[in-house]
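Please consult the sequence and the coordinates shown below alongside the text.

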Amino acid sequence: MSSNISEQGDRVSMKFVTLVSIVAALGGLLFGFDTAVVSGAIGFMKQHFDLNDFQVGWAVSSLIIGCIVGALSSGVLSEKFGRKRVLITAAILFIIGSVFSAVPNTFNEFIIARMIGGIGIGITSTLCPLYNAEIAPAKYRGRLVALNQLATVTGISLVYFVNLWIAGLGNEAWGISTAWRWMFAFGIIPGLLFLVLLFFVPESPRWLIKQGRAAESLPILVKIHGETLAKQEVLDIKESFKIENGSIRQLFSPALRLALIVGVGLAVLQQVTGINAVLYYAPEIFKQTGAGTNAALIQTIFVGIINLLFTILAIWLIDKVGRKMLLLIGSSAMLICLIVIGAAFQTGHTSGPLVLVFILAYVAAFALSLGPVVWVVISEIFPNRIRGKATAIASMALWTADYIVSQAFPPMLNSAGPALTFWIFGLMALITVVFTWRKVPETKGKSLEEIESLWAAK
């Protein structure tokens, strides 16, 4: 009888946690949509605004300047006002950015609109996985936090189809004058959905306890763990906040320095291995192999589908295989793919399916590893008392690296050539393998409080 009650309670708690996590992960949908929408629009915009190579990079990377600001501010704001309120603000900023990205008269107006939307994306990219980590049971935390990455690649895949559909509504002249505007405007729909659903999720129980509002957190934790475990969870969380006051200075203490190195290191390596250069500029890369505009957009859809399918596989594996093993397997496969892609461009063997096949394999390897796992690790390795601020630092490092790569990619492609460009990304993948092997601990199945004690033991 008691066993049946326990199983029923588990089902209820997992239903609650899954529903809440899905809503929070919709922030990832905005993240994916807004970062990838430019891939289909940039060719039209280049002609509409008569952009040079630097301006093409700026059109893409201006969003990331906003993301850096959003990520940096998210820690302080979420510690003061709570995760939920700041996420609601981020949704509003995203909607504003989508509206004004669609209606600019000048290139500078477009840049400002993208920065505003980027602030919202920077906030959601930091707080959505953090929120999920704080509300998920240890047993399922990996897959629930990774839902954020699934939502991200769903947004990326969705936008590739949307871009192709919109581009097909008119001729080339219509595309240059109007199609790219509708591509950005479409983002208003997921932005509104995210905003509405956020009003139905609770505040993070760990943040409530930190604010001295344990009584408000208990009903939330009961829905997650059941009454007995929830009371113990409140005591454990309270105890974790007694150790120190949560200042940034703690991150540089011997006990937490390694956690900071792992968080920031993985964040930077996720970007400098080149994934967003491929996602942002996929049609332009495929045009380098001789594909026309429509063929390049269709091949880009294959990228989105592979990204989605292998992210789903990663969510299934992350709490079974573990974080570290997925990172090692994925980054090793990325290294091989990048070497082959560079060699294909170097030798001129780009007219067949070779480049497309290995770019798809590269995306699959990333989606299985660095894509979801980095966000999971960043959201869980820092102590309760400083998690918001520390996650914001790691997220800011990620977006800064993303900015550098996305801004530098068009000039690199034209000056150094695609072969050397992809080999540089390959070198970064090799560094990722070594860094993961030497520095990244396994956190599978551990509670956030157990992970915190892990650093103290090193």
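## Conventions

Angles under 35 degrees count as roughly parallel, those over 145 as roughly antiparallel, those from 65 to 115 as roughly perpendicular, and the rest as oblique. Axes are lines fitted to C-alpha atoms, for helices over the stretch in contact, with angles running from 0 to 180 degrees between N-to-C directions.

The model is a predicted one, in which local features need pLDDT of at least 70 and side-chain atom pairs count only at pLDDT 80 or more, while totals for chains, interfaces and linings use all residues. Residues are numbered from 1 along each chain as its sequence is written, and side-chain values use heavy atoms, with hydrogens and water left out.

## Confidence and overall make-up

The average pLDDT (the predictor's confidence in each residue, from 0 to 100) is 83 for the chain, and 87% of the residues score at least 70. Confidence is highest in helix H3 (residues 83-101), at a mean of 94, and lowest in helix H19 (residues 448-457), at 68. Over residues 1-9 pLDDT stays under 50, and the model has zero contacts beyond four places in sequence for them; contact means heavy atoms within 4.5 Å. Where pLDDT is low, the predicted coordinates should not be read in detail.

The chain has 19 helices and zero strands; these are DSSP runs, helices being H or I of at least four residues and strands E of at least two, numbered from the N terminus. Of its 458 residues, 59% count as buried, that is, under 20% relative accessible area, against over 50% for exposed and partly exposed in between (1.4 Å probe, protein chains only). Among contacts between residues at least 6 apart in sequence, 84% join residues at least 24 apart.

## Helix packing

The axes of H2 and H3 come within 7 Å and cross at roughly 130°. H2 and H3 are therefore oblique to each other. Leu 77, Ser 78, Glu 79 and Phe 81 of H2 make the contact with Arg 83, Arg 85 and Val 86 of H3. By class, this contact has three nonpolar, one polar and three charged residues. Ala, Val, Leu, Ile, Met, Phe, Trp, Tyr, Cys and Pro count as nonpolar, Asp, Glu, Lys and Arg as charged, and the others, Gly among them, as polar.

For helix H16 (residues 370-380) and helix H17 (residues 387-415), the axes come within 9 Å and cross at roughly 150°. H16 is therefore roughly antiparallel to H17. In H16, Trp 375, Ile 378 and Ser 379 meet Arg 387, Thr 391, Ala 394, Ser 395 and Leu 398 of H17. The residues of this contact comprise four nonpolar, three polar and one charged.

## Two residues in detail

Asp 50 lies in the loop between helix H1 (2-48) and helix H2 (53-81). Although Asp 50 is not a glycine, its phi is positive, at about 55°. Asp 50 counts as exposed because its relative accessibility is 65%. Not counting residues up to four places away in sequence, Asp 50 touches Met 45 and Gln 55. Phe 107 is 57 residues from Asp 50 in sequence, with a C-alpha to C-alpha separation of 9.6 Å.

Thr 432 belongs to helix H18 (residues 418-439). Its relative accessible area is 0%, so Thr 432 is buried. The side chain of Thr 432 reaches the backbone oxygen of Met 428 at 2.9 Å. Beyond its neighbours within four places in sequence, Thr 432 is in contact with Leu 269, Thr 273, Ser 331 and Leu 370.

Methods: Polar contact = N/O pair within 3.5 Å; in protein donor to acceptor, adjacent residues only side chain to side chain.
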